[in-house]
Amino acid sequence: MIKTFIDKLLGKTSAGTTGRGKSRFGKRVDVPVSVHGINPELVDKRASDVVRTLKQAGFEAYIVGGAVRDLLLGLRPKDFDVATNATPEQVKGLFRRAFIIGKRFRIVHVVYGRGREHEVIEVSTFRAYLDNSAAELVSGNEKTSKAQLAGVQHAVDASGRVLRDNVWGPQDEDATRRDFTVNAMYYDPETQVVVDFHKGIEDAKKKILRMIGDPATRYREDPVRIIRAVRFAAKLSHLGFKLDPKTSKPLVESEHLLHDVPQSRLFDEMLKLLQTGHSIASVEQLQSLGLAKGIYPLLDIVVERADHSFVRAALMDTDRRVSEGKTVAPSFLLACVLWHDVKTGWEQRMQRQQPFPALQDAIDDVFDKRIGDVSGRGKLAADMREIWVMQPRFEKRSGSTPFSMVAHIRFRAGFDFLRLRADVGEVEEHLAEWWQEFQQTDDARRDDMMDQAREEQRAKQRKAQQTSAAKRAPKADGAPASDKPKARAKPKAAPKEPQQPEGAIENAEIGDPPVAAAAKKRRRRRRKPGGGSGEEGAGSAPSASSSSSSSSSSDAGE
């Protein structure tokens with residue numbers, strides 16, 4: 001109070017006021033349930049449990065951020081965050097399974113459940129609103145200036161991007177630190193009161209996404225807010241929300257600031273754009289806002305190929321799965337986006353390599369050119385590789401391959417990939433339907449299906465042989481007349497050999513005219529590999545006996 005009075009006498013403005021004496025932290029408004037109308041049934045019980053535990057320990061605690069926004073709109077939030085005036089260490093001490101994470105922003109993950117069914121409630125401490133001009137200036141970034149950042153609570157780089165922000169403060173300052181007004185509201189599930197400092201409820205009713213403070217300054221503090229603006233505009237577009245003009249205007253001119261953001265963080269933000277149920281809308285927002293290129297190289301490829309039938313089918317399938325509450329994996333979507341590169345490289349390499357090594361080399365090349373150095377690349381690359389390598393194996397439906405395929409841990413992802421390929425006409429629909437049935441039926445039916453697949457393969461082989469023979473037939477007919485008798489003389493002598501096998505052998509042994517023995521040897525060599533192909537090559541059309549030989553030879557090969 002005394003400091004404020006002295007500053008007023010000296011004509012100074014305090015950190016919490018504007019030049020006109022108006023508080024930059026807004027005015028607190030407690031909105032009752034009769035006004036906001038939030039349905040408590042939509043609130044996650046584990047989030048309510050975290051709030052209750054903190055309050056019983058004597059702290060303030062609220063559900064905060066996008067969860068409150070979604071509750072106001074009548075939507076069931078996917079994630080719940082909690083804000084409190086307890087420090088991370090105090091929060092951790094109240095819960096059996098709680099972990100402090102992060103360096104730039106230290107937060108606590110309170111974990112419920114185990115395995116795939118586990119749920120994480122993210123708990124953050126109210127942060128103070130600090131003037132970045134007073135922060136410690138760091139010459140490099142998170143990676144290059146680790147020594148400088150050690151023990152520092154508030155630091156920025158040369159562009160004004162915040163590298164450390166772990167100074168605790170009151171709730172009104174914490175609200176001002178948040179990005180959009182509709183994300184800066186606090187909900188108490190016990191009293192059912194919404195605390196609003198920046199007219200977030202009013203903007204929600206107007207369906208406006210408005211940045212708190214000066215947008216250009218806020219983008220400079222954290223350039224990732226550019227991507228968040230696109231994501232929220234895409235997520236809420238179906239409800240009629242639009243970006244406030246003052247909020248959207250600096251987006252393009254601030255895009256270059258993203259070049260200083262770590263690649264791993266941009267990669268994570270890209271996945272949020274594409275895997276939270278509104279990937280198609282996100283691509284449309286990027287295009288309409290002039291951000292189709294330049295945010296992140298891999299995202300540029302997604303936007304560029306969004307109209308390609310296979311990639312669009314993958315994006316739509318991802319949105320559908322999210323809407324149905326099913327899990328989605330980044331490896332699957334990125335495998336779809338980059339399949340064109342893999343397939344093209346594979347086809348080029350098969351001209352000089354065997355198919356499998358060619359595929360592996362094509363995959364390695366795509367990883368080096370497209371994925372780059374991102375967190376978790378090892379597992380991501382392994383999953384993508386397995387999806388791609390499965391594709392040619394789906395063509396083989398005999399032996400032990402089908403059984404080993406359905407037992408593979410990534411079979412479902414590989415099959416879904418095949419299913420999308422069939423949907424866009426890249427492979428036969430029959431192949432996808434065969435695998436769809438094979439994975440669901442019993443062993444007896446599987447044996448029948450494999451027998452049928454073998455018969456189909458044999459029929460294809462016979463047809464291919466007949467087609468090949470038909471193509472060579474005109475050359476035989478067009479051979480010189482003097483050559484034709486020689487070609488026909490060989491099969492005429494053949495029937496006599498089985499009638500007098502002993503004599504034929506004797507003649508061959510004693511050195512009599514060796515023609516019969518030589519012809520016999522040549523015929524034996526022709527029967528083993530080709531089933532009559534040698535006679536066709538001699539200039540005659542395939543006879544019924546040679547076709548039969550071909551069929552039996554093919555059956556034995558199977």
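**Reading contacts, helices and salt bridges**

Colleague: Which residues in α13 meet which residues in α15?

Modeller: Phe267, Met270, Leu273 and Leu274 are the residues in α13, and they meet Leu298, Leu299 and Val302 in α15. Contact here means heavy atoms within 4.5 Å. Helices (H or I, at least four residues) and strands (E, at least two) are DSSP runs, numbered from the N terminus. By class, this contact of α13 with α15 has seven nonpolar, no polar and no charged residues. Ala, Val, Leu, Ile, Met, Phe, Trp, Tyr, Cys and Pro count as nonpolar, Asp, Glu, Lys and Arg as charged, and the others, Gly among them, as polar.

Colleague: What should I know about the model before going on?

Modeller: This is a predicted model, in which local features need pLDDT of at least 70 and side-chain atom pairs count only at pLDDT 80 or more, while totals for chains, interfaces and linings use all residues. Residues are numbered from 1 along each chain as its sequence is written, and side-chain values use heavy atoms, with hydrogens and water left out.

Colleague: How many helices and strands does the protein chain have?

Modeller: The protein chain has 29 helices and 13 strands. Of its 558 residues, 42% are buried. Buried means under 20% relative accessible area, exposed over 50%, and partly exposed in between (1.4 Å probe, protein chains only). Among contacts with a separation of 6 or more, 63% join residues 24 or more positions apart.

Colleague: At what angle do α13 and α15 pack?

Modeller: Two packed helices are described by the angle between their axes and the distance between the axes. Axes are lines fitted to C-alpha atoms, for helices over the stretch in contact, and angles run from 0 to 180 degrees between N-to-C directions. Helix α13 (residues 263-274) and helix α15 (residues 297-305) pack at about 25 degrees, with axes 9 Å apart. The two are therefore roughly parallel to each other. Angles under 35 degrees count as roughly parallel, over 145 as roughly antiparallel, 65 to 115 as roughly perpendicular and the rest as oblique.

Colleague: Is Ser279 buried or exposed?

Modeller: Ser279 has a relative accessible area of 0%, so it is buried. Ser279 is placed in helix α14 (residues 279-288). Leaving out residues up to four places away in sequence, Ser279 touches Leu273, Leu274, Leu315 and Asp319.

Colleague: How is the span of a helix read, and what is it for α18?

Modeller: The expected span is 1.5 Å times one less than the number of residues. Helix α18 (residues 355-371) has 17 residues and reaches 23 Å from its first C-alpha to its last, close to the expected 24 Å. Its buried residues are Ala358, Leu359, Gln360, Ala362, Ile363, Val366, Phe367 and Ile371.

Colleague: How many salt bridges does the structure hold?

Modeller: A salt bridge is a side-chain nitrogen of Lys or Arg within 4 Å of a carboxyl oxygen of Asp or Glu. The structure holds 40 salt bridges. In one of them, the closest N and O atoms of Lys343 and Glu426 are 3.7 Å apart. Lys343 lies in helix α17 (residues 330-349) and Glu426 in the loop between α21 (411-423) and α22 (429-438), so this pair ties together parts 83 residues apart in sequence.

Colleague: Which residue does Asp364 pair with in a salt bridge?

Modeller: Asp364 meets Arg385, at 2.6 Å from N to O. Because Asp364 lies in α18 and Arg385 in helix α19 (residues 377-393), the pair ties together parts that are 21 residues apart in sequence. Asp364 is partly exposed at 33% relative accessibility, and Arg385 is partly exposed at 24%.

Colleague: Which residue forms a salt bridge with Glu386?

Modeller: Glu386 pairs with Arg410, and their closest N and O atoms are 3.7 Å apart. Glu386 lies in α19 and Arg410 in the loop between α20 (401-406) and α21, so parts 24 residues apart in sequence are tied together. Elsewhere, Asp317, Arg320, Glu324 and Lys326 are linked in a network of salt bridges.

Colleague: What is the phi of Lys199?

Modeller: Most residues other than glycine have a negative phi. Lys199 is not a glycine, yet its phi is positive, about 60 degrees. Lys199 sits in the loop between β11 (193-196) and α8 (200-206), and at 54% relative accessibility it counts as exposed. Lys207 also has a positive phi of about 60 degrees without being a glycine. Lys207 lies in the loop between α8 and β12 (208-209), and at 36% relative accessibility it counts as partly exposed.
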